Amino acid sequence: MVGVVGFAAWAASNAFEASYRDPAVIDGVKQEFAIFPVETTGEIFVAEFDGGIVGWGARENTRNYISDLWVHPDHQGKGIGKALLHHLCELMKGEGLETARLDTHAKNSGAIRLYERCGFKIIWHGIEFAKSMGVPLEKVHLQKQLVED
């Protein structure tokens, strides 16, 4: 279900340009979501509603990096993403980490609004190659201070 929710959220996004909707790109992304829960070396946290997974967040690669935050389109706008983000940040803060980091597509305005409302600030804007999609993407990196100076 983690892969299904992630792919549904990705597919519903209006952040991607038409060139990213190539069937080969879509199939590759769908496959990446399907294998992520099995192959990740990080941690995955899920949000459940009525016995099913409706959203999830993951930490992968470095302890203060949120690699994924996905909410099924049918459940967006209900505070699930905010709750997952808050949980991940509190976990990191409890581990003594000073900052939390994440990134998203620069045109993903809904996600950026959520992140900024939760205290994240854009610290970088540029082009990065998306391994899962096999294409370059316009991205933003965001960071949040977890510990006050």
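Before the numbers, one bit of convention: helix axes are lines fitted to C-alpha atoms over the stretch in contact, and angles run from 0 to 180 degrees between N-to-C directions. Helices (H or I, at least four residues) and strands (E, at least two) are DSSP runs, numbered from the N terminus.

Keep in mind this is a predicted model, so to speak about local features we need pLDDT of at least 70, with side-chain atom pairs counting only at pLDDT 80 or more, while totals for chains, interfaces and linings use all residues. Residues are numbered from 1 along each chain as its sequence is written, and side-chain values use heavy atoms, leaving out hydrogens and water.

How do α1 and α2 pack? Helix α1, residues 2-12, meets helix α2, residues 23-39, at about 145°, and the axes are 7 Å apart. On the α1 side, the contact (heavy atoms within 4.5 Å) uses V2, G3, G6, F7 and W10. From α2 you get I26, V29, K30, F33, A34 and P37.

Zooming out, there are 4 helices and 6 strands, running α-α-β-β-β-α-β-α-β-β along the sequence. The C-alpha atoms fill a box of roughly 45 × 40 × 30 Å along the principal axes. And 56% of the chain's contacts with a separation of 6 or more join residues 24 or more positions apart.

Last one: of the 149 residues, 42% count as buried, meaning under 20% relative accessible area with a 1.4 Å probe, protein chains only.

Terms used. Buried < 20%, exposed > 50% of the residue type's maximum accessible area, 1.4 Å probe, protein only.
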